[in-house]
Structure formats: structure tokens, C-alpha cells
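Subject: Structure for you to look at

Hello,

Here is the structure I said I would pass on. Please open it first, then read the notes below it.

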Amino acid sequence: MKKIALLSTLLLAGAAFAAAPKDTLVVQESADIPTLDPGATYDTASGSVVENIYETLLTYKGSSLRDLEPLLATKWTISNGGKTYTFDLRKNVKFHSGNPFTCADAEYTFQRNLVTNAAESGNWFLSDSLLGTPSNANDDKSITWAKINNAVQCNSQGQLVFNLPKPDPAFLAKLAFAGQSIVDKNWATKLGEWSGTEADWKNWVGKDLQGSKLNAQPSGTGAYRLVRKDANAVLAQAFDGYWGQKPAIKNVIIQKVPELAARQQAFLRGDADLIEAGTRANIEEQLKGKPGVVVVDGLPNTTATAVFMNENIKDPARLGSGKLDGQGIPANFFSDVNVRRGFAYAFNYAQYISDVLKGKGKQRTMLLPDSFPGYDPKVKTYKYDPAQAKAYFQRAWGGQLWKNGFTLNVAYRAGSVGAQTAMEILKKNIEALNPKFRVNIQAKEWSAMLNDSKAGKEPMIIIGWAPDYADPDNFMYTFYSSNGYYYPRSNWKDATVDKWLDQARVTTNTAERNRLYSLVGQRAYEQSPFVLVPAGIGLNVERSNLVGATAQTFNPMISFSYTGTFWKDLSKK
Amino acid sequence: MLNFIIRRLLQIPLVMLVLSILIVALTMLLTPAQRAAGYIRSEQQAAQLERIIRDRGLDQPFPVQYGKWLSSTLHGDLGFSKASGQPVLDTIKARLPNTIELSLVTAIPIILLGVWLGTLSALHKDKFLDQVLRVFAVLGYSLPSFVLGIVLLAVFYGYLGWLPGAGQLEVINQFSVGDLKRYTGMLGIDALLNGRFDIALDVFRHLVLPALTLIIILSATILKVMRNSLLEALSSDYVRTARAKGLPDRTVNLKHARRNALLSVITLGGFLIIGLLGGSVITETIFAYPGVGQWVVQSAGQLDIPAVLGFALLSALVVVVVSTVTDILYGVVDPRVRFD
């Protein structure tokens, strides 16, 4: 009996240690942090740590996506018709290694990103701005050391100067991306990273930095320094030498807990302040209303999703008979605007919001998040209207479509319940219009869908986009331009839209850019190249003693999406 | 005996070579795009799919890809695991001791409990105790470890608050653990060797629930096997002869019959240890225990091929070593089984 009592005491001892201390932020999430090297950072999980250990030249002002404010820079000027950016850099800033921050560090950082520009990184958009191509020197032989060296330089006053081949109004927003954080040159070169000179630059072209030495031993200027990254946790501590205000939270622990039930238990007991809490349905059923739990709802959603209608289907196997005989479709089936409008009117947007988004969603006017600059809420939207859909289908293909019917093969990413439901809604409504209309839905593995749709083989898919930087070009060009990334999936080409989008890419006047994007939105409404899938409204959960994370302070471009703020802006009561 | 052991150890590289060819060949059944998709985390990166295939040589023929892998492996480089964000070798070095620590805590109770309960069950055949133990056995081997783990977590952590939840350490100890001198890599044991009893206690408290999950499930399997083999032994001729010679029941049951019945348990026990060391996949995942099992689940899900290959090599090593030890134990328990 004594033994049992002793064992119980031992087991119970330390139970009081459980709750997360006041000066410590405990976060539990399901996946690993892939890298802590800014040069390889492209995913949100890595970005959420990197942006707190390192710092970029500038960042978003509060929750705004339109206003940027200095961080490691103190101010900047744009000259030479929008092609030269000159940054004054903050003085008396130290890296975690103790090295002082100088212009040479910033120059090294951007040149390193241009030199490596690995396929897995987000450096393609920096290269696009500074070298005029998203490729690296392995893929584009016109890239030379001289070009890279000239693109980023320090002048005699210690200012950082970027020389762009043409104006890029999105350039500042690109610099706010966590992957463009400034690294410690002396520290990195001492570790054995690229020397920063012409001597070895070729050896580093295309090199994946995910597992670099800098990943294991980072040194940034951020408010927090890395203590340790082990199998299941990332530990950071407030940096004593930080130039800015001392953070209230001293310790940050990000623990990997793959199982949702285990994370929920920890959160409800107060052992974790923030968790990856799953879907809206899960949060509302399992966590909402429980003691000590606060749900922060109504957060902006910065993704955009569409059903693509491919106007030039390049795979005969996906066309059935390949004719308008009811057994298939011709390769240019969607080239008739009446077909596209028919589909747009046949989608039940309200049902999607109710079934998939649990009533928390909204229809957008264009494939651009409504919180982004350039979004025009006045552009018209399609509503579910079977009568209108029927009228357009009756007009399509000179009446042959309505008379003969069609069989259409559509695909979605396997495992995506939202995408599957959207396709099922469309199928049900289309087939209800005419018994000769047939829609076959197929779940496809992600890589197969990416490959086949990129090759223009898929007649209809549903796919989304998340932003790298808060500029409308990142969405509008991607979806609507015939040079955009998604073009091979839609094959929708409109010369006027292309012209407006190209113009917007080099227009620095914000009002004029917004006008151009509004025109693109209107034209897209008329031509209906996509069915716009309604966007969900975000929500987070946090412990009630956490201070500094509200819907008003939430910025969706901050990678630490649990609060939409930097760690240094948080405290606990 | 020594020759036997040497021969078995010499088999290890051969087994590993064959296994690695098989695994690399199996991964080649996936298209280059499928394998490249494993490196992609967002739609934006999908734009780089072709570059990833080219840069990583995923479109090269099998002998070239295998040759590259073998060459770097022989140089001690097992590649980089994107699931752990570390080189594969470093990941194994960091996680394997944790799995061994969990296995050490569980293996002995599993076998002792299983053998003891199995013996009790057989000796009380069809009596009340036997009925109870058989229910336990059925529950143990039919209950998924996933369900049992979640229930234990919900009750002892979530509801009662007696034991810690997922992970290996409380927050308060996370920051100080970096100061420990590492001797074995096993955190609890190293903490003891450093005189940090607070950390050791924390580690062992965190081990209770995952260990309990494994003990309940796996000892039930041993119980069942032990019961059946002991019943078989008890009805054999040599037991009848021993009883006829007037030997006491206790001596016959425990010395003669149980000794033979243990042969089946040793075989099964070997497999159980292989399973434990290979990573108690589900249990480690539920309890966020940083062992190799949790890592390999995530690696497989992400098509992290260097990690899967590294883990397969590790498993092969464990299988060969454990089966060698099992064979040796056979010889010790049953003198009729000897090796030249």
C-alpha cells in the first residue's frame, strides 16, 4: 500500500506545473517547422517563426494590408520613374550573434536570395522584380553575377539601393514577406554559407537552403532568438539586445502535437495558449463557450478559389466522344460565353456558404480577397438562377447544346471536402436543368491534378490561391492574364484584360491601378471565365488571458496566423 | 554459438542492400511529379514542379537514382528529411533513444505481465479468473491503440488531471533541458545521470500514458499466446509422466510445462520488441512523443523518401539484431535447440 501511495505521489507531483506560465506563450500545432532559413522560407509554418527571429526592411502597419511601415529600414525613397528604391537603415541594431547590423548584411541577404532562388523557395518573385525573370541562373543563362550585383548595392552613405529593370508597384509589399528577412552576413559566411562574392556564386545557384547551416543556427535581429529546435518543439526567448521595445512574453514554445484531441485537451486545461484547432465546425462544437476560451471570429480570408472552365482542353481522353452529341464535349466547349454564364448561374452560392462554410462566408466580386487593395465591391456577381442558366444553355452552341446535351468530366483534389461539395452542388443543379446534361466528378491526387491541369488536360477543376504579398497583382495576374500562372488551366484570353493587367503592373499611381483592376473585374463578370467560389470567414481560438490578439489587430499577411500579430505584440494577464 | 552470431551479423549489410533496392524501386513506381509534389507546400510552389524534378534528378533512370542514394549513404549521408527539417541521420540519432526509452519502460512489463496472466489463465482454465482474463485479452487485442490512447488521455489528463498530456516535458523544464550533458540520448536516464531528478520525474510521468497504452494492448497478446501454449504443454505426455512420477504440481506446471510454453512467447516477444523499436507509431503520434514512429508517419504522409529509406534501414537493422537475439534465447531456454 505504501508503494502505491508513493507512486501516486510521484505521478501527481508536478501536476501543478502544467498551466502555461504568464511569461511563456505555448502554441501547439500539428506539423513541423520545415526551415528557419529565410532564404528557403515559403510556407506559413516556417514564416511564423522566421518573422519573429529575423526582421524585414518593412512590414504591414497594424492590421492594414495597404499601408507599410519601416522595420529594419527607417525610411525609403522611390526615384528614377519607380525603378530605384533607396532605403535608410536603422542604426544600433544587433544580431543575436552580437554582430552589428549594417548595409552589407541587407545587400548579402537579397543577393543570396537572387543567387540561390531554389525551386522550393519564394524568391522567384524577388527575382522577377530585380532581374526581370523568375528563374535562377541555371534556368536563365542571361543572369550574370554583374546583374545580381548591380540589382542590390550599398552606396557610400550606407544606404541600400535596389535597381529595378522596370517599375514594380508590388515591390515594397514583396519586401515585407518573411522570406526576405535580413540575415547576418558574418555569421552565415562563418557557418559555411555562400561567401557573398563572385568567387563561389555559381556553386549556390538553385541550392535548396531548407536544411542549411543557417537553418540550424539562425542569427537575426528579431525580438526573439532561437534557443533550440528539437524533434517536437521550437523554443525561443526574448532577445536582450533587441533594438525595439522589450516584449512582455519572455519564452515562446511551439510544440508539435499531431493529434487534434490531444491539442484540444491541452488548450481546455490552459496548458496551451493557442492551438491549431481544426475546422470552424470543430471549433464551434468542441471549444466555443468553454471556460477560458475566446473565439475570435470574422477574420479576413486572403485566399481565392474558383471553378475553372478550360476553353482549350488538350486531352481527348477527357472529352468523351469529343462532340456535342450528349456523350462528350468538344475541346473548345467552354469557348462559348453562354456555356460559361450558364454554369455561373447554375452554382448555388448560398448553399455552398451554408453547407461548406457553415453560414460564415461571402460571395466576392472578383478573384481577389476583399481586404486587398484594388478590390471593387461594386462589380456585379452571379446569383443562383436556374431560369437564367437554362436561358444561356439554350442559346449556347446555336441551340445544339440544349438539344443534344453533354457529358462533362470534372475533377477536384482528393480529400478536399469543400471542393467535392462545390462540384456536387454544380452537378446536381446542371443535371436538373436538362436530363441530357451529365457531369461526372472525379477525385484526383494533388500531383496528378497539378500536372494534368497545367498541361491543359482538365476540362473543369476547382483550385485556389493564397497570397505571397499583399498586392492585387499576385491574384489578378495569376488568374486573369494569359501570361499568368493559371492561364494553362483556363485558356481564357482577353486582349483588353491582358493590356489592363500589364498596365497595372507598371503603374505606381494607386487610384489608377485600382481603376484598372476594377475594369478587369467587370470584364471578367461579363465574360465569366470562372465560377467564383464564395470565401469563408476566418476564426481563431485563444485563451482568455492572452492580450493583444483581436479581430482589430489581426493582419492576415503575418505568418503567425494564430493571432495575426508578431509575438512581441502579445502579453498575458 | 559464436559462429552463429557472427554469421547473423554478417547478414545485416546484405539484408539492408536488398531492402534498399526494393524500397527505391517501389518509390520509382510513383511518377516524378508525384515525388516532386512531396516538396511542395502551396499552390504557388506548384509552379516550380518541373524545376524540382530537374534539380533533384527525379526523372533520371533507376540505376542512376539508386547509385546516387547508395553512394551518399555509404558516405554517411542519408539525405535530408523535410518532415523533421533535419538530416535523416541526425533525426534518427535524436529520436531513436526516445523510442528505446519508451520500449525499455514497456517491454519488460508487457512480457512479465503477459506471461504471468497467461499462466494464471491456463492454470485456472474455465474458472472465474480465467473468464476475466480472457475478456481482458479480447479487449486488449481488439481495441485499437488509437482509441485506448485517446481515452486514457481524456480521462487521466483531461478529466482527472493526474498525469501530463502530450509531449515529453512540461513547459517549465523545456528550456533547462538543453543544459543536460547527454550520455545515452535517453532523456529520462540522462536526467538521472545529471542528478536532475525533477526533469527525470517529468520525463517518466510523461511516459506513463503511452506506456500504459502499449502495455495493455501488447500484454493481452502475450497472455493469449502464453495461455494456449501452456494448456498445450499441460496436456502433453511429458507432463503426465512428470505428474505420474509424483512431482509436485507447482514444479510440473512452472518448471516443466511453462518452460516449454515460453518458446512461443519468446518468438512473439521478439516481434513485439521489433514493433516497439520500429516505433510505436500510433501511440507516439497520439501522445506527441518524439520517437521515430511519429516521424515516420509524417514522413510517409509527405512522401519524404530519404526519411522512409532511412527508417527502412533502421528497421532492417532492428529486425536482424532482435531475431538473432531471439534465436540465441531459444537455445538458452530449450537445450534441444543448439547452433553449430
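One term is needed before the notes start: buried area is the accessible area, taken with a 1.4 Å probe, that two parts lose on being put together, summed over both. Keep in mind as well that this is a predicted model.

**Where the chains meet**

Between chain B and chain A, about 5000 Å² is buried, and carbon and sulfur atoms give 55% of that area. Chain A puts 69 residues into the contact, and chain B puts in 54 residues.

Which residues form the salt bridge between the chains? A:D139 pairs with B:R54, with 2.6 Å between the closest N and O atoms.

On the side of chain B that touches chain A, several helices supply at least two residues each, among them α4 (49–55), α8 (145–159) and α11 (197–234). By type, the residues on that side of chain B are 29 nonpolar, 14 polar and 11 charged.

**Chain B: annotated spans**

The UniProt record, an unreviewed entry, marks six stretches of chain B as "transmembrane region": 12–31, 102–123, 135–160, 203–223, 261–289 and 309–333. In the model, residues 102–123 of chain B are 100% helix, and the end C-alpha atoms of that span are 32 Å apart. Residues 203–223 of chain B are also 100% helix, with 29 Å between the end C-alpha atoms.

**Chain A: strands**

Chain A has an open sheet of five strands, in the order β8-β9-β10-β1-β11, with mixed pairing.

One of the bridge pairs is A:Q237 with A:N251.

Elsewhere in chain A, β7 (residues 160–163) pairs antiparallel with β5 (residues 84–89) through four bridges, and A:Y85 has A:F162 as its bridge partner. Strand β7 of chain A is also joined to β6 (residues 152–154) by three bridges, again antiparallel. There A:Q153 stands opposite A:V161. The hairpin of β6 and β7 in chain A has five residues between the strands, and in it A:G158 takes a positive phi near 75 degrees.

Regards

Notes: Residues numbered from 1 in each chain as written. Chains lettered and ligands numbered in written order. Predicted model: local features only at pLDDT ≥ 70, side-chain atom pairs only at ≥ 80, totals over all residues. Heavy atoms only, no water. Contact = heavy atoms within 4.5 Å. Salt bridge = Lys/Arg side-chain N within 4 Å of Asp/Glu carboxyl O. Nonpolar A, V, L, I, M, F, W, Y, C, P; charged D, E, K, R; others polar. Pairing = 2+ DSSP bridges. UniProt positions renumbered as here; feature names shortened; annotations may be inferred.
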